[in-house]
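Please work through each task before reading its solution.

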Amino acid sequence: MSTFGNIEDSGLRWGVGSNERRVALIRRTNGRPPSPYDRSRVSRSRLAASPPGCSFRILTAMAEQQQFYLLLGNLMSPDNDVRKQSEETYDTIPGPNKITFLLQAIRDASAAEEVRQMAAVLLRRLLSSSFEEIYPGLTLEMQTVIKTELLTSIQQETLPNIRKKVCDIAAELCRNLIDDDGNNQWPELLKFLFDSVNSDNVGLREAALHIFWNFPGIFGNQQQHYMEVIKRMLVQCMQDQANPHIRTLAARAAASFILSNEGNTALLKHFSDLLPGILQAVNESCYQSDDSVLKSLVEIADTAPKYLRPNLEATLQLCLKLCADTNLTNMQRQLSLEVIVTLSETAAAMLRKHTAIVASSVPQMLAMMVDLEEDDEWAMADELEDDDFDSNAVAGESALDRIACGLGGKIILPMIKQHIMTMLQNPDWKYRHAGLMALSAIGEGCHQQMEAILQEIVSFVLIFCSDPHPRVRYAACNAIGQMATDFAPTFQKKFHDKVISALLQTMEDQSNPRVQAHAAAALINFTEDCPKSLLIPYLDSLVQHLHVIMVAKLQELIQKGTKLVLEQVVTSIASVADTAEEKFVPYYDLFMPSLKHIVENAVQKELRLLRGKTIECISLIGLAVGKDKFMPDASAVMQLLLKTQTDFNDLEDDDPQISYMISAWARMCKILGKEFQQYLPVVMGPLMKTASIKPEVALLDTQDMENISEDDGWEFVNLGDQQSFGIKTAGLEEKATACQMLVCYAKELKEGFVEYTEQWLQPSPCPCCWSALVFEDPSISPRCGTSCATPSSSPSAQSRTQTSCQKSCTLLPKCIELMGDGCLNNEHFEELGGILKGKLEEHFKNQELRHTKRQDEDYDEQVEETLQDEDENDVYILTKVSDILHSVFSSYKEKVLPWFEQLLQLIVQLICPSRPWADRQWGLCIFDDVVEHCSPSSFKYAEYFLQPMMQSVCDTSPEVRQAAAYGVGVMAQYGGENYRQFCTEAITLLVRVIQAAESRTKENVNATENCISAVGKVMRFRPECVNVNELLPHWLSWLPLNEDKEEAVHTFDFLCDLIESNNPIVLGPDNANLPKIFLIIAEGVANESVKSEDACSKRLANDIRQVQMSTGLWTQCVSSLNETQQKAIQDLLNTA
């Protein structure tokens, strides 16, 4: 028997008795559940016929339900404590009981509407998040009652909002009742759908459309069978002239169905004639203050843009009309523009065929950018507020940036250039501001075309650094900073004198701190990518200006508390020092005392950003000037950092100091080297805490997303079926920085970091750390704080601006090679295998997508450029996969082969003759490693790679030839007896490649040198496979190897073997070949093919010294060399 206390009693327990008993309360012949507020009626109607004891149970259940109503009310309480305690109480109620209580509340017409709505929301969430844990455990009778009650409620409910939320519950339940074979286990709902959509009751038609909109996959595996019925249903409702709301719902439902079938080309084509009705609904609903159908159109443009192709002109014209209509809300106008901009990203080639409409949209974007408010306090603001992404100005700027990147400069620059020039001559400051911001926005997308007229653009922009209006001067700084980034280093090389002068002059604008700060931000952008040699002549002037401003602003901070300019100037100093490096040493003492003073005293909460930037500045200056200059201050700086680190746990999660601190420690590690190891115990705890942040993720439907804003730190990916995957990105930047710093410590401290790798990688590696290890290149360059970069508001724009890493990061392979066998446990291998398998599968999938795009009717030259960029990124990932496998094979040898077999078929797929050359190259490299490190066991995979490798020796691609030739060499060196026949057959092919007419051209030489090395390895390790005496003179004539240094060492080692064994063919009769051998050695040393640290260099030097003993022979050999070659021989003798 349940006992109840007050709803806020922490000891409250919810009944866990018979679920059927509670369901019985819902069942009534008239479909109306009993109300807890009408006990007398319930008693008369139910208790009179009840058996003995039943009345007590019903009264108890009634009391429980009434308590539950109170709980629902408290869940909506504005008091956080009450709400939190209520949530905890709600969580203790068993799932089946929750369903009963919630369903009862929903059906109780006498309960408050907000209570019923809350109950409906909670029931839908329960089915969404805990269906598998609760529903299958219910009795069949209870499952049937739930379904029946939901349908009855939809039919009888009179309040539209409640009916809509019950429809959401029904859709969610049905979504979970589609089994793995696509069978809908709730056929009654389908019948209800068909009956309702044909009903005279408008409410039921709305309900049917709402359910279908919410779950367009409701037909499961019967969708094809009902295809014409679905289409007729949607057409019929979209033509309902008497009910505009039905037309709107039908359009949304049609859009939802299209989105859920985005990959079904035939279906999209079949439903293309619904698009005019959707467009009509977009137009009508917008003027009824409803932008829901317009949002659906944006989703179609993003997810299924090809669906719009048959009516693209009409779609674009409608969006252009709506965007231009100032009677609509800003959001509606922006959404209309968003359709066009999104198409520029998802279907650029298709949109390029409609340049007239694109040209008409550009003035609309510029007009939005002019929509600025007068603000007399703007120039004096000391706090930079985040951009208002709902404003027309920001939306227009973002749209311009994205459409320029999407369609390219060939199309956009001619459309916009004259508009911008006209705006810059307008007497209204808003137009001049917008024109300059437009230049900032299009730089990335119009890079190539703007670069040709950069002189004209820069000269024009610099004029506005002296504009009478501060916001125009601000925009000029923004344009300079953006161009400094977009056109680096060309911009710096061509315009350094004019730009530095203009920025320094603008930084003196004491009466407009915000302009002053933005000039400093532009200087950061400029110096970040400025070649050191160009910056040095301006160093005195830069330092003088920065120091004067810093001192003045430090005084202002003390007297007035203003900090904005000081924050930017500190970062400017850091950026200048970072570029100047050791040339900054003379200015070190000018800045360091003040910077330390800021860190010591800027402890107030509002100065956290300033303190963080100053910590960054100190560490960057220390890195620039070097250990010797920095050491006198190192101890004091370390103590300041340690004090902050000690207080680390007291910092709030969003404290900007955290990421600055993490990066500063890494720079201190680079400065101090091995001496930094003593600080690891202090540093690693907070660093691991940050690196281990687990982002909050959620699977949300449309209803949930209405209550969550991207301003709360959430970003979403649409999954279809009205569901989205959400991730809260707060803290992710810090997490990524922390992972990168772990990488830095491992690189700098090497074996000194080994004891922490177990902490890092155990018990299971953090996915972010794996990502940083495997596919990212850590950087500890200055974080530039407020930059002049144009903001990107949409997730797609953010995704576009995140350029893939182009530097080769070898940290994980190096870690594995350094720590050797045993550094990875079974969990690591399992996770690493999953990552590599996923990357390979993604690689093949991406290639298929590119192939499909090349067959598309909209394929053009610009599409091909994009596809080639994508291909390069994919190949980069493939190189990382190869690097990691190389380190695993070299460390674990044949023990790792069973683990490798999960990847085997994917690697075999790479070396198929039909694959692109890069696939075959890296696939062969992986098999090369298998042979080199896992033989003789490698031979069990010979059936997969021997024949492709043999065919690849003479491949048309030099990269593939190189990989195959290397494979022949390692087979000879490590493969063993099993590979004898292959080595024999390969010799003829190798010689053919070496003797080809263009074998030594730039593109072929590396492959050829690998062939030469492979021939040498076969003669050296498998002499029985070849006529050595016949081949040796040819091989000697092919030496030395000048490009592939690694293989050159192998050839010189073999040459030493031959010389030291007095091989008659190599030495020749009476040592006649020695001058030729001297020439080979001299060229090898001169070209650095042989270095003093190579083991063979000492052997070569000893061989030469043997010749020195014979004066005549020595003279003969040396006299045949030129001056450079003679010096090389002498250098070898002196260093080896």
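**Exercise 1.** Which residues form a negative surface patch?

Solution. The model is a predicted one. Its negative surface patch consists of Asp371, Glu373, Glu374, Asp375, Asp376 and Glu377.

**Exercise 2.** Determine whether arginine 402 is buried or exposed, and identify its side-chain partners.

Solution. Step one: arginine 402 is located in helix α20. Step two: the cut-off for buried is under 20% relative accessible area; arginine 402 is buried because its value is 2%. Step three: a salt bridge joins arginine 402 to glutamate 345, with the closest N and O atoms 2.9 Å apart. Glutamate 345 lies in helix α17 (residues 330–346), so this pair ties together parts 57 residues apart in sequence. Glutamate 345 is partly exposed, at 26%. Step four: the side chain of arginine 402 also makes a polar contact with the side chain of glutamate 338 (2.8 Å).

**Exercise 3.** Which residue forms a salt bridge with aspartate 955?

Solution. The partner is arginine 920, and the closest N and O atoms are 2.4 Å apart. Aspartate 955 sits in the loop between α46 (942–952) and α47 (958–975), whereas arginine 920 belongs to helix α45 (residues 917–934), 35 residues apart. Aspartate 955 is buried, with a relative accessible area of 14%, and arginine 920 is buried, with 11%.

Methods. Residues are numbered from 1 along each chain as its sequence is written. This is a predicted model: local features need pLDDT of at least 70, side-chain atom pairs count only at pLDDT 80 or more; totals for chains, interfaces and linings use all residues. Side-chain values use heavy atoms; hydrogens and water are left out. Patches are made of residues with over 30% relative accessible area and no salt bridge: like charges are joined within 9 Å, nonpolar side chains (Val, Leu, Ile, Met, Phe, Trp, Tyr) within 5 Å. Accessible areas come from the Shrake-Rupley method with a 1.4 Å probe; for residues, only the protein chains shown count as cover. A salt bridge is a side-chain nitrogen of Lys or Arg within 4 Å of a carboxyl oxygen of Asp or Glu. Lys and Arg count as positive and Asp and Glu as negative; His and the chain ends are not counted. The place of a charge is taken as NZ of Lys, CZ of Arg, CG of Asp or CD of Glu. Helices (H or I, at least four residues) and strands (E, at least two) are DSSP runs, numbered from the N terminus. Buried means under 20% relative accessible area, exposed over 50%, partly exposed in between (1.4 Å probe, protein chains only). A polar contact is a pair of N or O atoms within 3.5 Å; within protein, one must be able to donate a hydrogen and the other to accept it, and residues adjacent in sequence count only if both atoms are side-chain atoms.
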